[in-house]
Amino acid sequence: MSDASNTPKTPVRIGLVGATGLIGRRLIEISSAGDQARMVGIARREVDLPKGARVELFVAEPEKWGEVLKAVRPRTLICALGTTWKKAGRDEEAFRAVDHDLVLATAEAAKEAGIRNMVLISSAGASLRAKSFYLKVKAQTEQAVSKVGFKRLDIIQPGLLRGARQGDLRPLEAAAQIASPLIDPLLPAKWEMYRSVDADLVAEAALGLALRKAQGRFTHDNEAMKRAAREWRAKSPELAD
């Protein structure tokens, strides 16, 4: 017999920035399949929403996102913002402008709007000592957002994402996805964090973490994401096997 006390009477409103990416779209699709949460998305342009999506979507320039967040007041903000080296024109400043500056500005706007919790989707291997510019910027972003002052901050650090991206051809990533079932088991323990992970699991983990209440700063690798995703599934009967 299920415990009705574990199921919210009304869907929890969860803010989302980065709705056009792989994780963002899966967040919308997965949350739309049940009644546990309703996404409130904010984007810079119109978004081609997944079929059957149940989401409030606001289109505004980034400098107005704080006003939107203050008006809709979601319980938690999930940040799935991010660009690629190619989209940034292979320019370090252009890349940093999105993956650091825009993420931080959005976090600060959310805090000012009264949002207490945030889930930040980062990357496995993020480190201030990383040789990779990408991973160093991710770590700098984690550090900056940690200082914003949320009551709860969850940082998700997935490895290679598996899933079909819409209108975003990444040949090298696609090749890595194909090879990942063979490569993952061969990775030594110290590189386990880089093992591929399904985008659905990351999205489910983000939703599960968005509903947690304990205060603090938490970092989640692939294994921790699996646990958070199971929590979400336990609250969503429609996802049960």
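Arg 73 lies in the loop between helix 2 (65–72) and strand 4 (76–79); helices (H or I, at least four residues) and strands (E, at least two) are DSSP runs, numbered from the N terminus. Although Arg 73 is not a glycine, its phi is positive, about 45°. The model is predicted, so local features need pLDDT of at least 70 and side-chain atom pairs count only at pLDDT 80 or more, while totals for chains, interfaces and linings use all residues. Residues are numbered from 1 along each chain as its sequence is written, and side-chain values use heavy atoms, with hydrogens and water left out.

Next comes the interior. A nonpolar core is a set of buried Ala, Val, Leu, Ile, Met, Phe, Trp, Tyr and Cys residues joined through side-chain atoms within 4.5 Å, where buried means under 20% relative accessible area (1.4 Å probe, protein chains only). The largest such core has 32 residues, and Ile 14, Leu 27 and Ile 78 have the most contacts inside it. Among the elements that each supply at least two of its residues are strand 1 (12–17), helix 1 (22–32) and helix 6 (199–210). Helix 6 gives the largest share, 8 residues. A second, separate core of 24 residues includes Cys 79, Leu 120, Val 148 and Leu 153.

Helix 4 (residues 133–146) has buried residues too, including Leu 135, Val 137 and Lys 138. The cover over the buried residues of helix 4 includes helix 3 (92–112), strand 5, strand 6 (152–156) and strand 9 (216–220). At the start of helix 4, a side-chain oxygen of Ser 132 comes within 3.3 Å of the backbone nitrogen of Tyr 134.

Terms used:
Buried means under 20% relative accessible area, exposed over 50%, partly exposed in between (1.4 Å probe, protein chains only). Contact means heavy atoms within 4.5 Å. A polar contact is a pair of N or O atoms within 3.5 Å; within protein, one must be able to donate a hydrogen and the other to accept it, and residues adjacent in sequence count only if both atoms are side-chain atoms.
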